Amino acid sequence: MIAPDMVLTAAHCVTSMFGGTCDISKHTVTIGTRNIVYKEEGSEDIAVVGCIVHPGWDTIRVVHDYAILQLERESKHTPVWLDSGEIPVEVDDDMTGEIF
């Protein structure tokens, strides 16, 4: 969730394997659980009312595999923090970490 009423997902999850547009009538987002079968207390299901697929989404080369879903209402959960890509001056290099 990138905003209280927006979700970033993969384009291949919301379009057919041949590309095309997103059929929002088929999609609901579940937020606040790690398992959609055994939902955790406080999770919520929210209908999708809009969908934007990256215009460069290519099912053959599998590039630009992004879509943004507009939710019917705002979620009560907190969206992820989107990093600006800059490390604040007051942050020590040891705090940035690395992934191996």
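At 40% relative accessibility, Asp45 counts as partly exposed, where buried stands for under 20% relative accessible area, exposed for over 50%, and partly exposed for the range in between (1.4 Å probe, protein chains only). The model is predicted, so local features need pLDDT of at least 70 and side-chain atom pairs count only at pLDDT 80 or more, while totals for chains, interfaces and linings use all residues. Residues are numbered from 1 along each chain as its sequence is written, and side-chain values rest on heavy atoms, with hydrogens and water left out.

## Strands

The protein chain has 4 strands and 0 helices, and along the sequence its pattern reads β-β-β-β; these elements are DSSP runs numbered from the N terminus, helices being H or I with at least four residues and strands E with at least two. Within E3, Glu44 is the bridge partner of Ile31. E3 also pairs with strand E4 (residues 67-71), again in the antiparallel sense, over 5 bridges, and here Cys51 stands opposite Leu69 of E4.

Of the 100 residues in the protein chain, 26% count as buried. In soluble globular proteins, nonpolar side chains tend to be buried together.

Leaving aside neighbours within four places in sequence, Leu69 is in contact (heavy atoms within 4.5 Å) with Asp5, Met6, Val7, Thr9, Val14, Val29, Val48, Gly50 and Cys51. Across the protein chain, 58% of the contacts between residues at least 6 apart in sequence join residues at least 24 apart.

## Salt bridges and surface

There are 4 salt bridges, each defined by a side-chain nitrogen of Lys or Arg within 4 Å of a carboxyl oxygen of Asp or Glu. One of them joins the side chains of Lys39 and Asp45, at 2.6 Å from N to O. Another is formed by Asp58 with Arg61, whose closest N and O atoms are 3.0 Å apart. Glu44 forms a salt bridge with Arg73, with the closest N and O atoms 3.1 Å apart. This pair links distant parts of the chain, as Glu44 lies in strand E3 and Arg73 in the segment after E4, 29 residues away.

The protein chain exposes about 7,700 Å², of which carbon and sulfur atoms supply 55%; the areas come from the Shrake-Rupley method with a 1.4 Å probe, and for residues only the protein chains shown count as cover. Ile36, Val37 and Tyr38 form a nonpolar surface patch with about 400 Å² of accessible area together, and Ile36 is found in the loop between E2 and E3.

Relative accessibility for several of these residues is listed below.

| Residue | Relative accessible area | Class |
|---|---|---|
| Lys39 | 39% | partly exposed |
| Glu44 | 8% | buried |
| Arg73 | 38% | partly exposed |
| Arg61 | 58% | exposed |
| Ile36 | 63% | exposed |

Definitions and conventions: Two strands pair if DSSP finds at least two bridges between them. Patches are made of residues with over 30% relative accessible area and no salt bridge: like charges are joined within 9 Å, nonpolar side chains (Val, Leu, Ile, Met, Phe, Trp, Tyr) within 5 Å.
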